[in-house]
Amino acid sequence: MGCIFSRKFLATIMVMFVLTGIAGGIFVYEATRDLPDIGDVKSVIKTQTTHIYAADGTLITRLFQENRTIVPLKDISPTIQKAVISVEDQRYYQHRGVDYIRIIGALIKDVRQMDTAQGGSTITQQYVKNAYFSPEKTVSRKLREAFLATKLERTYKKEEILEKYLNTIYFGSGAYGIEAAAQSYFGVPASKLNLEQSALLAGMIKAPESYNPYKNPEGAVKRRDLVIGLMIDQGYADEKEAGIAKERPLALQPRQRSYQGIAPYFTEWVKTELKELGYDEKAIYSQGFRIHTTLDPKIQESSELAWKKYLPSSTDPDVALVSIEPKSGAVRAMVGGKDFARQKFNIAAQWPGRQPGSAFKPFTLTAALMEGVSPDDGYEASSPKIFKVAGSANWKVHNSSGESGAGYMDLRRATAWSVNVVYAGLIMKIGANNVVKVAKDLGITSKLEANPAITLGGLERGVTPLEMANAYATLANGGKHNKAYGVDKITTAQGELIYKHKAEPEQVVDKAVAYLVTEALRGVIQSGTGRRAAIGRPSAGKTGTSQDYVDAWFCGYTPDLATAVWVGYLREPGDPPKPMKNVHGIRVSGGSFPAQIWAAHMKRALKDVREHSFDKPPRGSFSQIQMCDETNLLSTEWCPKTSYHIFVRKYKPSNVKTCNVHQPIPLPDLIGLTQDEAIKKLTELKLGHTLVNKPFAGPPGQVFEQSPAAGTEVRKEAIIALSISTGGDVITEDGNGTVVPNVIGLAIDTAVDELEARGFVVTGEYRLSNEPQNQVIGQRPPAGFIAEPGANITIVISGESGKVIMPDVRGKSEARARDILESKGFEITTYSDSNKESFEKYGAGNISKQEPKARARIERGAKVVLYVTT
């Protein structure tokens, strides 16, 4: 009976063992079937960090989902390899993927604690866990991990597995892999890690956040020193070296909460360009591309320093700037705003654009030259002027800031002084459609409406600085357009070239046309609204100011670099525009801060670039025709002003008519008329005059002589000399009169010298005209007028309207000085001058000193300080 029981018991035990074995086998089979395929580490890791480089190889920024850069073992410091082995897997080179002794010890602890919190994983198992499995801790996962680790050890060498492990492990602070960790914490490559740095990073593997040196420096140091001790025990470090390492501080580089790089706005634009090239955002952030761009760090630095020099305050207007190399289209610098952390919107390249103001006029000039217009052609400049627009309301055009202009003005002068009325007349002649086409060809990509107002920058959507810089770069390149680009080439993380920019230059504007436009734009800087943009080398450009000082531009170029600068306040959609009428005490126009920023940037950016002149077109590209400056028709002897007008031969007009507007004017008999009657007759005939007062027996104020004589045929604006009788001696009633001389046509200084020599006080006002700059074009009272000594004579000078000449009031009484200055709108402040020398020189109660000084060229209504002797 007992034997039978024993056999049954043994049989039961055997069945249980068999069933347990079968169940265990089934469990192991199920746990280990469908194991992941072990491949190269690069096929396992889902993401790598993309690096963006400047043209000189400087790292601009990194883009990543996981900040990781894979490096071979030869580029990983042996010290970090030893440190990791010391703390994570001391028997790494003895086991075959699974350290059974370590696992058994860990399992015993798990059973005792009724938990699976203990780990006995080798480096190989850790790699398998990180690369192939979820982080859950279960028996099933442990089995699968062990099987796969064993398979991995049979397939790869220990060094290869260690390389895979070090490239996948997480080190905290967003750093995946040893290269990213070395760069993030110490700013060095993994190949340069020393003992204390290696020990710190190796110690973090167990708990990256707990031992993060930024968050827990004390805990990180203790852990580091523990690792150094383990390295001594295993012969990986000597005690002397270890002792020195333990004494050293952490020496971390400043923590980077976000990596913006040296040109964040440029980076944002490059990402947009990458998408246009077919790379989606996922690929850009995960494929580990090496993107080589066109950015020049020195030129970028120059752009940043330039705006900070003039508009440094956070309350100042925003600034955007783009610099492009004309011969290639490469974008060398981009400023999309003053603070990327505060404002992510890239003003330089993103929509909506801004109104360009008169910076759009060069496109009208370009189109006009292609329609057979000469830059020497004259147009009416007087403001305001009303133009009839087909199918629309009449268009009333004012010159900027109320400048009136004077008569006809050629396009060169009108460009230099940005005369709106002239350009309005020009676009009405050539058609807005032609301007739209030229602007598009040059590089403007915004939607443009064929509305005459575009010549003054009145656009529906506006433009970006990137577009404007690209269009001006086309003019700088002799009319040959290169599309602006920022991505030069792309390689994979392994160095395989997958994209290379291919230049496709297109001659969109004749070289001779571009040259004439450039010559006109050089005048803007030399003597026009852009004088503050002068940089001491051949350069051309144009100012632009939108309505009510909301936007201000300066766009310009040299043969080597084209740059567009915009200044204004960024506003949210729906917000009203914010004018710039009081920024550091001035109204911001294109000729102020934008021109100054442009000049400061270009001077520094081109400091090491040899000066070049603009290329001239081939000989024979131009033709000249003598024409009437008012009608732009073939001249006759009766045209008041004629000159040779230059045309691009390719677009030279044919069948130009002869001027029939200007006919000979028979000179009437003026003798016997009073001075006023004679002047009236001459004015009606559009003839000028000079007056000379002479003693004569006839009634005072009567014309007794004229030259040329009556009946002579003269042309419009001819000057007729009239002799006016004084009835005896040339004197006033009190005997103190002086004849006012004719100073029209004289240079300003010569005219002032002559008038002051006769005892007159001279004030001056500037007005736009086609005459040479700083030449007198008018005077009040006229020549021949008999005025008292010390009388105020006002001269009108050719130049920028709105400016006036400061008169010399020294020696005048305070009351007299005030009369003279207040009549011209000056704001006067007086101070006492008790200096003895001043008293002796000027007498009591008279003006001894003035600020600004006499003959200074100042704004109308400016503040004047007078010092009165006491």
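The legends below describe close-up views of charged side chains in a predicted model.

**View 1. A patch of negative charge on the surface.** The residues D233, D238, E239 and E241 gather on the surface in a patch of negative charge. One of them, D238, belongs to the loop that runs between α10 (217–233) and α11 (239–247). With a relative accessibility of 44%, D238 is classed as partly exposed, because that class covers the range between the buried limit of under 20% and the exposed limit of over 50%.

**View 2. The salt bridge between R604 and E301.** Across the whole model the count of salt bridges comes to 27, and in one of them the side chains of R604 and E301 meet, with an N to O distance of 3.9 Å. This pair links distant parts of the chain, since R604 sits in helix α21 (residues 593–605) and E301 in helix α14 (residues 297–310), 303 residues apart. The distance of 3.9 Å falls inside the limit, because a salt bridge requires the side-chain nitrogen to lie within 4 Å of the carboxyl oxygen. Both partners are partly exposed, R604 with a relative accessible area of 40% and E301 with a relative accessible area of 43%.

**View 3. The salt bridge between R332 and E325.** Here the side chains of R332 and E325 meet in a salt bridge, with 3.2 Å from N to O. The two partners fall into separate accessibility classes: R332 counts as buried at 18% relative accessibility, whereas E325, with a relative accessible area of 26%, is partly exposed. R332 is placed in the buried class because its 18% lies under the 20% limit.

**View 4. The salt bridge between E765 and R780.** E765 pairs with R780 in a salt bridge whose closest N and O atoms are 3.4 Å apart. Because E765 lies in strand β27 (residues 761–767) and R780 in strand β28 (residues 776–780), the pair ties together parts that are 15 residues apart in sequence.

**View 5. A network of salt bridges around R855.** In this view D749, D753, E756 and R855 are linked with one another in a network of salt bridges.

Note on methods
Residues are numbered from 1 along each chain as its sequence is written. This is a predicted model: local features need pLDDT of at least 70, side-chain atom pairs count only at pLDDT 80 or more; totals for chains, interfaces and linings use all residues. Side-chain values use heavy atoms; hydrogens and water are left out. Patches are made of residues with over 30% relative accessible area and no salt bridge: like charges are joined within 9 Å, nonpolar side chains (Val, Leu, Ile, Met, Phe, Trp, Tyr) within 5 Å. Accessible areas come from the Shrake-Rupley method with a 1.4 Å probe; for residues, only the protein chains shown count as cover. Lys and Arg count as positive and Asp and Glu as negative; His and the chain ends are not counted. The place of a charge is taken as NZ of Lys, CZ of Arg, CG of Asp or CD of Glu. Helices (H or I, at least four residues) and strands (E, at least two) are DSSP runs, numbered from the N terminus. Buried means under 20% relative accessible area, exposed over 50%, partly exposed in between (1.4 Å probe, protein chains only).
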